[in-house]
Amino acid sequence: TTADVDAAVSAAHAAFPSWKSKTTKSRAALMLKFHALVRTHAAELARLIVLENGKNLTEALADVAKGNETVEYACSLPQLSQGKIDVVSGGGITCRDRRDPLGVIASIVPFNFPFMVPHWTLPIALVAGNTIVLKPSEKVPLTMYRVVELLEEAGFPEGVVNLVNGAREAVEGLIDHPLVRAVTFVGSSPVAEIVSRRCRELNKRCTALGGAKNHLIALQDCDIEGTSSDVVVSYAGCAGQRCMAASVLLIVGDEEGTHQKALLQNVIEKAAKIQPGTEPGKMGPVIDDHSLKKILSYIERSEKEGATILLDGRSWMSEMASSKGNWIGPTIILHRNKADGAMNEEVFGPVLSVHHVSTWQEAIAIENANPFGNAAAIYTTNGGHAEWFLTRLRAAVSSFDSDFILVSVYLLSLLFFSWSLCSKHADARRKYRHTSATRTIQLWRSLRHEIQVRRHGYHRRWRHRILHK
């Protein structure tokens, strides 16, 4: 309710002066204790995620591990957030660059990563000296409730971290509250646009992240086994409920070509082997009945538009009828028309749209025309081919022959400070505001080797990558 929101914000506002007065080092020390508690309770947190979200256990453990990586980053802020003093003129005239916390930060987060996404904001904002009011998705309230208990156990003072539950009323109350200085939001694009506009009208800082439509482009020289494995993991992992999930596979070349047919058949066969369940290696249900109906509507609409269903996940609905949950299996749709709804709109489920294109230019035109475009992946064994696409893709994250799973969160740290500047030399980063940034991940199969590492009590397989910024 509005009263709950006001109570939480008031508590955060009251705690801010004392919390702000602490050194960044002392705040980071508490965050380091929290980091250790998360590692200790990782299995417990993962079980909560499985219970309320439906991920399989491996995905839930990864959710916790990735969120805790941002906690590690926040612990380094005593070094990263240091100011500086420049001599800007003769006679001993200096300019000081200082970063000050803003005050109360509101964080509004979605259901799909109950631990990771809240930690894009929470640890950085806290170590920076802000207090926070977190509103988790009403669909997954349990995980962050337990996290707040762990923060208290780590020693964070009363009022520094606050949790409020609710839906639209709570969101609007947080945005409109005069004591909230900045808002972070992750959710659907229509709602992100509403949140952003509402914050701008109040002259309030806001980071609002919306939906995505990620394209995979398979060239004629791609490695069939590696490409097909990566495509299936990307589009069906977490039941397709993630903003970095593969959504459209564009296969370049003759539709009847041996290479192209073999690739598509491998993708279908691998996806068909996925079993329903929350155990490691299986795929869980989607979050609720509303999401299930939305996914079904895109499949049915595709059929009416003339597309061919190559793998129909609707069979899981009858197979799992006796089990609780909103079950829909991996689905693959072959589209003849690039204007089909599932080719262009965010489905947010385990649905892969496949479309054959004749040329590289046609593939680029489809990817660049989409208003979403979180990321794109190119599958090739030729470096020259990769570079051609790199200079033409509009997606912010480009991945070459890799597993296509990457989330960049470090830029959020800039939201939680106010800046004291008195010279154009005070912070050179300001000059980059009028440019766009692209991150590229490259993996050449001939150079690849894999190692087994143990992380947080379970094994994961990591590939060496070359990162270019």
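I counted secondary structure to start: the protein has 16 helices and 19 strands. These are DSSP runs numbered from the N terminus, with helices being H or I of at least four residues and strands E of at least two.

It is a predicted model, so I note the rules: local features need pLDDT of at least 70, side-chain atom pairs count only at pLDDT 80 or more, and totals for chains, interfaces and linings use all residues. Residues are numbered from 1 along each chain as its sequence is written, and side-chain values use heavy atoms, with hydrogens and water left out.

**Confidence**

I checked pLDDT, the predictor's confidence in each residue from 0 to 100. The mean for the protein is 86, and 84% of its residues reach 70 or more. Contact here means heavy atoms within 4.5 Å.

**Overall numbers**

Of the 469 residues, 54% count as buried. The cut-offs are under 20% relative accessible area for buried, over 50% for exposed and partly exposed in between, using a 1.4 Å probe and protein chains only. I also looked at contact range: among contacts between residues at least 6 apart in sequence, 75% join residues at least 24 apart.

**α2 against α4**

I looked at how helix α2 (residues 24–40) sits on α4. They pack at an angle of about 160°, with axes 9 Å apart. The axes are lines fitted to C-alpha atoms over the stretch in contact, and angles run from 0 to 180 degrees between N-to-C directions. The pair is therefore roughly antiparallel; angles over 145 degrees get that label, under 35 roughly parallel, 65 to 115 roughly perpendicular and the rest oblique. On the α2 side the contact includes Ala 28, Met 31, His 35, Val 38 and Arg 39, and on the α4 side Val 64, Asn 68 and Val 71 are among the residues. By class I get nine nonpolar, two polar and two charged residues. Nonpolar covers Ala, Val, Leu, Ile, Met, Phe, Trp, Tyr, Cys and Pro, charged covers Asp, Glu, Lys and Arg, and the others, Gly among them, are polar.

Then I zoomed in on Asn 68, which is in α4 (residues 57–75). At 1% relative accessibility, Asn 68 is buried. Leaving out residues up to four places away in sequence, Asn 68 touches His 35, Val 38, Arg 39 and Phe 115.

**Around α15**

In α15 (residues 360–369) I find Ala 363, Ile 364, Ile 366, Glu 367 and Asn 368 buried. Their cover includes β8 (214–218), β9 (246–252), β12 (351–357), β13 (375–379) and α16. From Glu 367 I went to Leu 393: the two are 26 residues apart in sequence but 7.4 Å apart in space, C-alpha to C-alpha. Leu 393 is in the loop between α16 (383–390) and β14 (397–400), and is buried at 10% relative accessible area.

**Positive phi**

Most residues other than glycine have a negative phi, so I noted two exceptions. Asn 203 has a phi of about 55°, in the loop between α9 (189–201) and β7 (205–209). Ala 239 has a phi near 55°, in the loop between α10 (224–236) and β9. Buried or exposed? Asn 203 is exposed at 74% relative accessibility, whereas Ala 239 is buried at 4%.
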